[in-house]
Amino acid sequence: MDVPFLSLRDVNARYVDELKAAASRVIDSGWYVMGDELVAFEREFAAYCGSTHALGVGNGLDALSLILRGYKEMGVLRDGDEVIVPANTFIATFLAITANQLVPVPVEPDPFTFNIDPERVEAAIGPRTRAIMPVHLYGQLADMDSLGALASQHGLLLIEDAAQAHGARRNGRRAGTFGHAAGFSFFPAKNLGALGDGGAMVTGDDELATHVAALRNYGSEVKYHHLYQGFNSRLDEIQAAMLRVKLAHLDDEVSRRRSVAQRYREGIRHERIVLPQVGVEESHAWHLFVVRSSQRAELQRHLSLQGVQSQVHYPVPPHRQPAYASLHDVPLPITEQLHNEVLSLPMGPALDDDAVERVIDACNTFGGMS
Ligand SMILES: *Cc1c(COP(=O)(O)O)cnc(C)c1O
């Protein structure tokens, strides 16, 4: 049998009794949207992150989008303001910006950590820059010390795209608490995954939390009274109940991801496979284990013949997508090279030791070399 890239069935099978009990509790309650499960999950997730507010929303894209929309309602952001964003990210980071009539300014990453390069961020700050939106890509915290210093020096908002980084930690602080606000995704494949779509925004800013709480619910604080032209983007009771079960296991799952990554980093030795670089060990929550190879297509074919599944995150950067034709000519050579070289190996909390060794052997026998 192949080593799967990620088996969600295996991930969730370990909690099947708890998940079924939680689902029954919701079914029996007769209350399915905006109820006690959501309130309890929001309290538990805010406490887990070490923040004041967590607000459940429909998905990770909406979490990011509603943060920006909240700051627009507060008058902090205006149409046409620029937001600095990593060039090598999932499209959702860009979509949240452009959906709010803001302008994404893509900045190149450090090619070894894959995260946005603070020196290039500084060079990109101009008179219309109002925010920096770093992504903790593949689960590793971006350089939040440098980015935080730049943000305060230039009076910019710092908004974390933490969709891949649940559980990443640095100096006792977790992803989601380094900036003014953060967006999380609970898409099933994320480190904390629901059994469907889900997301949350986390913030210590009371005013922003008040705005987003209304914006996600038709722009209303009091039923049938509408302060803004809001959205319907809420985290269902059933998903909140699933997430409460899984949140209790998140730290164990992240430590399992860390030991898999550790074993990969010790075991994979190949001159044409570049391993990811890690800052502080705890700062990586290993959503994905991403290597680089100038012969990616051949490597992927070899792994597949050895029964090891792999994926590419992501084959085409946002600025090269048809959706962003106006950005096609922005020169971003590091980003383009990375998109040609990155390959994600199997990773997840349910990957067993035998599977990990099979992945290592498959990598080390690439091209007959070891
Ligand atoms: C998954 C993801 C999102 C969007 O989350 P959804 O819940 O799928 O909408 C945003 N940013 C990054 C970096 C992601 O990986």
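This note sets out numbered points on the strands, helices, aromatic rings and backbone of a predicted model.

1. Basis of the note. The model is predicted, so local features are reported only where pLDDT is at least 70 and side-chain atom pairs only at pLDDT 80 or more, whereas totals for chains, interfaces and linings use all residues. Residues are numbered from 1 along each chain as its sequence is written, and side-chain values use heavy atoms, with hydrogens and water left out.

2. Strand pairing. Helices (H or I, at least four residues) and strands (E, at least two) are DSSP runs, numbered from the N terminus. Two strands are said to pair if DSSP finds at least two bridges between them. Strand E2 (residues 82-86) runs parallel to strand E4 (residues 129-132), and three bridges join them. Within this pairing, Ile84 has Ile132 of E4 as its bridge partner. E4 also pairs with strand E5 (residues 157-161), again in the parallel sense, over two bridges. Here Ala131 stands opposite Leu157 of E5.

3. The crossover. E4, helix H7 (residues 144-154) and E5 together make a right-handed β-α-β unit. A crossover is right-handed if, with the strands pointing away from the viewer, the path from the first strand over the helix to the second runs clockwise.

4. An enclosed helix. A residue is buried under 20% relative accessible area, exposed over 50%, and partly exposed in between (1.4 Å probe, protein chains only). Helix H9 (residues 237-247) is largely enclosed by the rest of the structure, because nine of its eleven residues are buried. Among them are Glu237, Met242, Leu243 and Leu247. What do the buried residues of H9 pack against? They pack against helix H1 (8-13), helix H2 (16-29), helix H3 (36-49) and helix H10 (250-267), where contact means heavy atoms within 4.5 Å.

5. A residue of H2. Ser24 is found in helix H2. Is Ser24 buried or partly exposed? Ser24 counts as partly exposed, because its relative accessible area is 36%.

6. Cysteines. A disulfide is a pair of cysteine sulfur atoms within 2.5 Å, and by this rule the count is zero. Cys49 is buried, with a relative accessible area of 5%. Cys363 also counts as buried, at 1% relative accessibility.

7. Aromatic pairs. Rings of Phe, Tyr and Trp (its six-membered ring) pair if their centres lie within 6.5 Å; planes under 30 degrees apart count as stacked, over 60 as edge-to-face and the rest as tilted. A search of the whole structure finds ten such pairs. One of them is the stacked pair of Phe41 and Phe45, at 5.6 Å centre to centre with 20° between the planes. Both residues lie in helix H3, four residues apart, about one turn of the helix. Phe41 is buried at 1% relative accessible area, and Phe45 is buried at 0%. The pair of Phe114 and Tyr138 is edge-to-face, because the ring centres are 5.1 Å apart and the planes are at 75°. This pair links distant parts of the chain, 24 residues apart: Phe114 is in the loop between strand E3 (103-107) and helix H6 (118-124), and Tyr138 is in the loop between E4 and H7. Phe114 is buried at 4%, and Tyr138 is buried at 5%.

8. A cluster and two charges. Phe41, Phe45, Tyr48, Phe184 and Phe186 form one aromatic cluster. A charge sits over a ring if NZ of Lys or CZ of Arg is within 6 Å of the ring centre and within 35 degrees of the ring normal. Arg272 lies over the face of Phe366, at 5.2 Å from the ring centre. The charged end of Arg292 sits over the ring of Phe112, 5.4 Å from its centre.

9. Backbone geometry. Most residues other than glycine have a negative phi, and most peptide bonds are trans. Which peptide bond is cis, with omega near 15°? The bond from His313 to Tyr314 is cis, and Tyr314 lies in the loop between helix H11 (296-305) and helix H12 (333-341). Phe114, although not a glycine, has a positive phi of about 75°. Trp286, also not a glycine, has a positive phi of about 50°. Trp286 is placed in the loop between H10 and strand E12 (289-292), and counts as buried at 0% relative accessibility.
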